[in-house]
Amino acid sequence: MFMTRGRLAALALAVVAAPSPAQNGPDGLAVGRQMLAEDNPGELWVERGQRLFFEKRGPKHASLERCDLGLGAGRVEGVFAQLPRYFADTDKVQDLESRLMTCMVTLQGFTTDEIVRKRFGTLDNDSDMEALVSFIGSKSNGMKMNVPLRHPKEAQAYKAGEYLFHRRSGPLDFSCATCHADEGKRIRLQDLPNMTDPAQVQAVVATGWPAYRGTQATVRTMQHRLYDCNWQMRLPDLGYASAMSIALTSYLNHRGNGGVVQLPGVRR
Amino acid sequence: MAEPMRIRATLQGDVADVRILMRHPMETGQRKDAKGDIVPTHFIQNVLVTHNGRTVLDAQWSQAVSRDPFLGLRVKGAKAGDRIAVTWTDNKGDKRTDEATVAAAS
Amino acid sequence: MKRFQLKLAVAAAALAAVLGCASFPSADETRALGEQMVADAYPGMPAALTARAVQDADQKICSKLGGEKLTSIEAGRIVDAARATMKYPPGGKLAGDWKAGERLVSDGAGLRVREGRVEPVKQNGALCINCHALDPREVNSGNLGPALVGYGAQRGNSDAVVKYTYEKIYNAWAYYPCSNMPRLGAHGFLTPEQIADVVAYLVAPQSPVNRK
């Protein structure tokens, strides 16, 4: 009784990690993805995130139950589908991660430095943020993305995001649009979503991030996705929850309105 | 501190389709940490699955099983409401037991 | 100055909201907002690295929003600027060692930054197969750029082909203004000698690119 489907799970990851070019017959990649989606390890992050949300933590020994993520204190249902948005108390447009950071600092007494240092989990240290985002993201499942553009600062973030998406810079002259504005493109074998196609923006925004990444054995968030793109573009480390990262997310998420949320996702 | 498992058990005819996600580092003893030190082996050695208290699977695992393992099995002769319990024990003696109830086919 | 522009933009947008007009900022306000965001996006990073995010005049022109086209004046300007950057290897040999080129084309590393430090590499890779199919036996190639399988077999390896190929890699914008292809030589990402080796890999009859 040695061979179990624990091995199969590892096999499924291997299938996803080594995609094959388009071929006739059953798509091995799709089979692997389906297997992972049915039993997404990201669900373990959802459960841990739920526990962390209600646990009294930090120097102020408080839970996040008084955190206003946009729909009132403590409400997590549906908030992901309506972020980023403007918050009067900070006078800023905030995405889920920057808003959680605000709450962790003001309600729980964590320091910004500490949160930023632990923003991305490693094999040696889990990130609380990745777990919280998984939990809160999953609480919009089945709902349609509906990111507001009412406040002038929301309109500014959207337009700045559009500008930044197309802004070329760095030693390789890249912008986001270099890789994400054409149909059917790949870097090596990695498919690139075309963000000019409404259906693809909806899919990325509503089902893309947070996602469990098989190659990294943890859940990654939208902030990490942007950080990693920045790294590939040979730009310096993108500031966590920087106004630029939030503006890009505002631009994309608003254009993803109508997409039905299903999170966490699962990716290579 | 071991994290809870996620267990789903769904009836298909008289067979329960049991799917278990475990949170475990499953260190092979070959990875180095950020400081360059070898991370010692740390892996689940034994997995025991019971159906209403009767053992239906007793597996010996090695470091070859992936991080955050997924285990799927099918238990014959199950009924809705039956209890499925899963216990893993790792090489450091850490242990975790979680339970689920077999759900009727949806 | 930038701060001031930003405040103006914010004030203008707030005013627009009060008046009930469309609250989208103008193109100039948007640019000021966006540039301020870039300036604030890399806290704690050394100046040498944040300088990478500052646009040069040509990158600025090449950052059109979706659907906007280059004017012919802009295109001419980009081409002239690109021609002015051209440098060639000492000795003038524009096609080097195709085997050295073969190692470069599949190397995608160089100049990446992690935790405020440039990741060390022996030499920068030429990044080619990230976007182009080259060796027909290599499946792991991208398609952001055109497939170049049989490049030399189709075009030959005359001086004119070699010179064009060298210059295209050194600064793609000399031939295709605002091409998605990075200006690899002009930025110093690749040396003239490395580019000559990649040229050889593309045109040499013995190269896998041109094998039947």
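Let's start where two of the chains meet: 45 residues of chain A are in contact with 60 residues of chain C, contact meaning heavy atoms within 4.5 Å. Please keep in mind that this is a predicted model, in which local features need pLDDT of at least 70, side-chain atom pairs count only at pLDDT 80 or more, and totals for chains, interfaces and linings use all residues. Residues are numbered from 1 along each chain as its sequence is written, chains are lettered from A and ligands numbered from 1 in the order in which they are written, and side-chain values use heavy atoms, with hydrogens and water left out.

## How the chains meet

Of the 2 pairs of chains in contact, A and C share the most contacts. The size of an interface is often given as the accessible area lost when the parts come together. Buried area here is the accessible area (1.4 Å probe) that two parts lose on being put together, summed over both. On the chain A side facing chain C, A:Arg168, A:Arg188 and A:Arg234 supply 18% of the area buried by chain A, more than any other three residues.

The other contact takes 24 residues from chain A and 28 residues from chain B. Chain B and chain C, in contrast, do not touch, and their nearest C-alpha atoms are 13 Å apart.

A salt bridge is counted when a side-chain nitrogen of Lys or Arg lies within 4 Å of a carboxyl oxygen of Asp or Glu.

| Interface | Buried area | Share on carbon and sulfur atoms | Salt bridges |
|---|---|---|---|
| Chain A and chain C | about 4600 Å² | 57% | 2 salt bridges |
| Chain A and chain B | about 2400 Å² | 52% | 8 salt bridges |
| Domain 1 of chain C and domain 2 of chain C | about 640 Å² | 65% | 2 salt bridges |

## Charged pairs

Side chains of opposite charge can pair when their charged atoms come close. A search of the whole structure finds 31 salt bridges over all chains.

Helices (H or I, at least four residues) and strands (E, at least two) are DSSP runs, numbered from the N terminus. B:Arg6 and A:Glu43 also meet in a salt bridge, at 4.0 Å from N to O.

## Inside chain C

Chain C is divided into domain 1 (2-66) and domain 2 (84-210), with bounds that come from an automatic or database domain assignment. In the contact between them, 8 residues of domain 1 of chain C meet 8 residues of domain 2 of chain C. On the domain 1 side, C:Leu49, C:Arg52 and C:Cys62 lose the most area to domain 2, together 59% of what that side buries. Elsewhere in chain C, C:Arg183 forms a salt bridge with C:Asp56, with the closest N and O atoms 2.9 Å apart.

## A helix pair in chain A

Helix α7 (residues 152-165) and helix α11 (residues 243-255) of chain A pack at an angle of about 100°, with their axes 7 Å apart. Axes are lines fitted to C-alpha atoms, for helices over the stretch in contact, and angles run from 0 to 180 degrees between N-to-C directions. The two helices, α7(A) and α11(A), are therefore roughly perpendicular to each other, a label given to angles of 65 to 115 degrees, while under 35 counts as roughly parallel, over 145 as roughly antiparallel and the rest as oblique.

Residues of α7(A) in this contact include A:Tyr158, A:Leu164 and A:Phe165, and those of α11(A) include A:Met244, A:Leu248 and A:Tyr251. By class, the contact has 10 nonpolar, 3 polar and 2 charged residues. Here Ala, Val, Leu, Ile, Met, Phe, Trp, Tyr, Cys and Pro count as nonpolar, Asp, Glu, Lys and Arg as charged, and the others, Gly among them, as polar.

## Chain B and some backbone details

Chain B has 0 helices and 7 strands. Along its principal axes, the C-alpha trace of chain B spans about 50 × 25 × 20 Å.

Most residues other than glycine have a negative phi, and most peptide bonds are trans. B:Asp68 has a positive phi, near 45°, and sits in the loop between β4 (54-60) and β5 (70-76) of chain B. In chain A, a cis peptide bond joins A:Leu83 and A:Pro84, with omega about 0°; A:Pro84 is in the loop between α3 and β1 (85-87). A cis peptide bond also joins A:Trp209 and A:Pro210, and A:Pro210 lies in the loop between α9 (198-207) and β5 (211-213) of chain A.
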